[in-house]
Amino acid sequence: MADGLRLDRVRVFQGRRRLLEVDATVLPGTVVTLMGPSGSGKSTLLSYVMGDLAPGFHAEGRVTLDGRDLGGLAPEARRVGILYQDPLLFPHLDVAANLAFGLPPGSPRAERRAAVDRALADISLSGFGPRDPATLSGGQAARVALMRVLLSAPRALLLDEPFSKLDTGLRRQIRDLVFGRARAAGIPVLLVTHDEADAEAAGGPVIRL
Ligand SMILES: Nc1ncnc2c1ncn2[C@@H]1O[C@H](COP(=O)(O)OP(=O)(O)OP(=O)(O)O)[C@@H](O)[C@H]1O
């Protein structure tokens, strides 16, 4: 049942202090944007959806993905992908291996290679496979990080201000790429941003905290 990502009265706490409460339905292939003041708990909410809350925080409320309660699932079983402001590529792996890391385990070698080559071509980085991630520009690294998460075939995607360090042209390009892919694949996307242009480009409902 593909009914998307649903946050049902989710409340996030730091110690005893409640940071936020959110109700949201993110339909497959659409983007819901979450905006709010700095420190209001948006990133912490995304950690809760990932199943990865830091010590000192807790949350209440139900999160379901395609009708399935994520509460009892380990983070890696949730099939939720996340992109952060910083691309966080593995420094000890080359670009191709970073991309291949996202692929489902056990797929044949030739298939993995082809998927990586296709992904590099899609982000105009053909030939960059053997490169050390440290030699990439910020925008190139952002594109690799985005493709890595898409190759992992997530059932939902969380975006934590992933465009905010990019210049305007690249920002638009990467934004269009991620929203376009999510729409085509029917992936629900929850976007955290401070940028009104991001919210507008997302084209979906905006929740203001
Ligand atoms: N590692 C941490 N240790 C202690 N407190 C933290 C930590 N990370 C965040 N906080 C606190 O938790 C609260 C929520 O932070 P969070 O990052 O979720 O907010 P946010 O809405 O995403 O903010 P921003 O828009 O600035 O990214 C804030 O009060 C913040 O100071």
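Two residues are taken to be in contact if their C-beta atoms, placed from the backbone, lie within 7 Å. By this criterion, in the predicted model, the cover over the buried residues of helix H5 includes strands E3, E7 and E8 together with helix H4 and helix H6 (196-202). Helix H5 itself comprises residues 168-185. Its 18 residues extend 26 Å from the first C-alpha to the last, close to the 26 Å expected at 1.5 Å a residue. The buried positions of H5 are Arg171, Ile174, Arg175, Val178, Phe179 and Ala182. These residues cover an arc of only 125° around the axis and therefore lie on the same side of H5. Such a pattern can be read against helix geometry: an α-helix has 3.6 residues a turn, so residues three or four places apart point the same way. Gly169, Asp176, Gly180 and Ala184 are exposed on the face of H5 turned away from its buried side. After H5 comes Gly186, with a positive phi near 70°.

The sheet was examined next. Five strands form an open sheet in the order E6-E7-E8-E3-E9, and their pairing is parallel. From one strand to the next the twist averages 15°. Within the sheet, strand E7 (residues 156-160) and strand E8 (residues 189-192) run parallel and are joined by 4 bridges. Leu158 has Leu190 of E8 opposite it. Helix H1 (residues 42-50) packs on the sheet, where it touches strand E3 (31-35), E6, E7 and E8. The direction of H1 makes about 155° with that of E7.

Helix H3 spans residues 109-122. At 1.5 Å a residue its 14 residues should span 20 Å, and the end C-alpha atoms are 20 Å apart, which agrees. Val116, Ala119 and Leu120 are the buried residues of H3. Seen down the helix axis, these buried residues fall within an arc of 100°, so they line one face of H3. Exposed residues on the other side of H3 are Ala110, Glu111, Ala114 and Ala121. Helix H2 (95-101) and helix H4 (138-151) are among the elements that cover the buried residues of H3. H3 is followed by Ser124, which has a positive phi near 55°.

Most residues other than glycine have a negative phi. Arg9, although not a glycine, has a positive phi of about 50°. This residue is found in strand E1 (residues 5-14). Arg9 has 10 other C-beta atoms within 10 Å and is therefore exposed, since a residue with 12 or fewer is classed in this way. Arg79 likewise has a positive phi, near 60°. Arg79 lies in the loop between strand E5 (68-69) and E6. With 16 C-beta neighbours inside 10 Å, Arg79 counts as partly exposed.

The UniProt record, an unreviewed entry, places the feature "domain: ABC transporter" at residues 2-209. Over residues 2-209 the chain is 33% helix and 25% strand. The end C-alpha atoms of this stretch are 27 Å apart.

Technical notes:
Residues numbered from 1 in each chain as written. Predicted model: local features only at pLDDT ≥ 70, side-chain atom pairs only at ≥ 80, totals over all residues. Helix = DSSP H or I, 4+ residues; strand = E, 2+ residues; numbered from the N terminus. Expected span 1.5 Å × (residues − 1). Buried ≥ 20, exposed ≤ 12 C-beta atoms within 10 Å, placed from the backbone. Arc of directions from axis to C-beta. Pairing = 2+ DSSP bridges. Axes fitted to C-alpha atoms, helices over the stretch in contact; angles between N-to-C directions. UniProt positions renumbered as here; feature names shortened; annotations may be inferred.
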